[in-house]
Amino acid sequence: MKKLTIFSISLVACFFIGIAIDLACGPEPDPYDYYASFFHNTIQDNQGYKPFYFNGLLYLNDDNNPADEGDINSKEWALYLGKGVLTKDVRLAMYDLPHKADSALLLNYLKSGGRLPDSLRKNTFLRAMVSGRHNNALQYYRFAKSSEPLVNQFYGDRWNPKQPDPGLLIDKEKQALQKAAAEKDSFIKLRYYYQAQRFMRYAGKPADANAIYDKYIANVKSKSHVMGWALSLRAGGEKDHAKSAFLFSKVFANYPERRIQAFHDFNNINEKPQNILKYAKTGEEKAFVYAIKGFHVPRVSLSALENIYRCQPKSPLIKVLLVREINKIEESYLSAKRNKTAVQDPYSYLQPYIGEDSTVKKQRAYIPKLKVFCRRLTTTQPVLANLSLAYLSWIQEDNTGGFKALAAIDSIRLGMHLDDQKQMIKLLLLSQKITKLDTVNEQELVPLLTWLNKKVQYEARTIKIRDDYWWAGYGERKYSASCRDFYSMVLAPVYLRQKDTAMAALVMLKSKLTITPADPQYRQMALGFNLPDFLQRKMHSYVVLKLIGLSKSGSKTAYLKLLTSDIDRDVTYNLYDLLGTTYLREHRYNAAVRAFKNIPEKKLKRVPHDWNAEMYSNPFLDRLHDYPKKYDSVAARGYTKLQFAKRMARLQSLIQTDPKNAARYYYTLATGLYSTSFYSNAWYYISYSNSSYDRDRMPTEYYDADFLTTNNAEKYFLKARALPGTNNEFKAKCTFMAAKCRQKRISLDFDDSNGYNHARRKLAREKYAKEITRNPYFTDLQKKYNGTAFYKVAVNECSYFRDFIGGKKK
């Protein structure tokens, strides 16, 4: 039942998160990597409280208990049975056999002196059980296994739960008590009593279950975790809510395999701390009551920290809660602050910075209060306190205070996690101190950046990403994420303020190359087209040339070597692809040809994918309709960017060398330009994305005269129409294509930011339709070319043109 409860809570949390994401119309964020964090929850001495680390997107940071109940029980049995019995064999026999095999084993094989089935003959646990040396353990094991279907409503079939039979459970309870009374072995005796308590609990008789616990279990001197499981049942059957919550806090504190369920049960009781604390006898017991309350608070709050410090100043729970508070500040205040100046925010689904909201203002005012607490903490936990003070000082841009806090722990020997955190904060403070980056202070950063590089490489070697992990794995690789964010959100803005765009681009590229998935194929896919968005959208050719020059320089400083250390052959190909693409945007087609020739032929397949199919384009295919977009088959292969650049360069040359046919060349050139727009089939020659974001945004990119507004294509269609030596059929076609280009500058202006407004959207569409029918080139078509064959085609194919004609007739 425990797992079902946890699953249900997680499902509800994910449901509401899903709603938020859907309403925001953005990509789904990684719930373990959705804000900039440089103060890591991995500095904990152990991961026993990992489910309760701060996570604003999930109810619990981890749905898995810090320890597994089956593993713990298996280990206890292996130790009890003695030398030669393996924990893994206990685990297999007790928990991991299929239901039918488990039942067959119980009915036919688990007998003293019995013969085991061939598949389990080597299982050390089962061999010990049937050996004849542990008959009392075998009898208990048979009793527990045969009873499991009575108390586990999902036993054998999780989809068809069965309600417990109270009568059978009461009979079983009597048997368990009788067997316990006759049993002399304390290990087995405790388990019989636990079974008896469990039977009464599931029979709906909590008072009887409590009586069994109080009489037979409560005073047992045992380190067995069965004590915790029995205590959990006792807590659930307690009528006094405050006492029940206190008992759950003890389960939470001492039995990590039941920690998550105890957390839920404690908070579901919703009792005031002062009522619970009257049962607490020690400072540690009080600390856990305050901590569980604190783990349930999603907003910044000093309450739990101050209360725990008052009753147990050296409690390890303070570290968990203090890191939580700092992570909350990072999520809202720091992310908003960095988003304000970031060159490219890796968390692209977040809203752009538009000023401080109430949460950010509250957290800005909260930081000094948290620092006051940290100063008090320096007397009992100096390392944690000073690391926190230094980091909070960095957030406040107080470099002096930050370095002073780090200096206070210079003489203290730190473990790996704490020392790594110290180095990270030192790097942040040092970079913030630098107002202008030059060759001198760049070198000052090298030792710390080298350390950070090694951390990224270490994480790549040692931290395995889950098989079902859809993201790049940054959530599990904290320093890889911090490295990415440091370069993109801290260092790159400094170069941009200095107007050194090439260095900013190099730093952004370094940020992107911190991606460290174990699968090399995934790495290539992730890099592929996905150079940093800043490079893909903002770079002109002269900046990309300088960037490539920096990456290939033969006389690099240590700093430059570090920044370019991840630029391998494939990344270089991507940079040449970007260079060629910028030349295409600038209509410098001969230069584009030279750039693309630096890429091997097999690497030139820069085509978009529709699920598993590659889509190839003929960019010189002129069509009356934009949709559906026309893509060639895989067999046809279409054009590569190199082939497109060669054809466009040839057309530019022919306009000069063969003026008699210039009109035809201009028309083909215009068709090529139009095909690279958002609306046509070769958009990916000049853009790395084609989404609703592009269609609805303002034309702010330097190549938008081709990609969004099709101005240049329109000019060339008009040039083709204006040249002598062409007939009206050709001129009519040029006019219609110019009309298509002009149409792209009419905005479908509606705003659903306050909710989906059908009436407003309908009005916007009606306005858009009217604007389209006022296209001046429609007037030219009707007045000058209404006798052409193309005119009839245009009337039949274009509803907007028909509406225009219909409106004129009225």
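**Close-up views of a predicted model**

**Figure 1. The whole chain, as a predicted model.** Of the 810 residues in the protein chain, 52% count as buried. The chain holds 39 helices and two strands. Its accessible surface is about 39,400 Å². Carbon and sulfur atoms account for 52% of that surface. Take the contacts between residues at least 6 apart in sequence: 67% of them join residues at least 24 apart.

**Figure 2. The largest nonpolar core of the model.** This core has 234 residues. Five residues have the most contacts inside it: Trp77, Phe125, Phe295, Tyr391 and Phe801. Helix H16, residues 317–341, supplies the largest share of the core, with eleven residues. In soluble globular proteins, nonpolar side chains tend to be buried together.

**Figure 3. The surroundings of Trp77.** Trp77 is among the residues with the most contacts inside the largest nonpolar core. Leaving aside residues up to four places away in sequence, Trp77 touches Val90, Met94, Phe125, Met129, Ala137, Tyr140, Phe187, Ile188 and Arg191. One of these partners, Phe125, is also listed with Trp77 for the most contacts inside the core.

**Figure 4. Two cysteines, Cys311 and Cys741.** Cys311 has a relative accessible area of 25%. That value lies between the 20% and 50% cut-offs, so Cys311 is partly exposed. Cys741 has a relative accessible area of 0%. Buried means under 20%, so Cys741 is buried. The disulfide count for the model is zero, by the rule that a pair of cysteine sulfur atoms must lie within 2.5 Å.

Note on methods: Residues are numbered from 1 along each chain as its sequence is written. This is a predicted model: local features need pLDDT of at least 70, side-chain atom pairs count only at pLDDT 80 or more; totals for chains, interfaces and linings use all residues. Side-chain values use heavy atoms; hydrogens and water are left out. A nonpolar core is a set of buried Ala, Val, Leu, Ile, Met, Phe, Trp, Tyr and Cys residues joined through side-chain atoms within 4.5 Å. Buried means under 20% relative accessible area, exposed over 50%, partly exposed in between (1.4 Å probe, protein chains only). Helices (H or I, at least four residues) and strands (E, at least two) are DSSP runs, numbered from the N terminus. Contact means heavy atoms within 4.5 Å. Accessible areas come from the Shrake-Rupley method with a 1.4 Å probe; for residues, only the protein chains shown count as cover.
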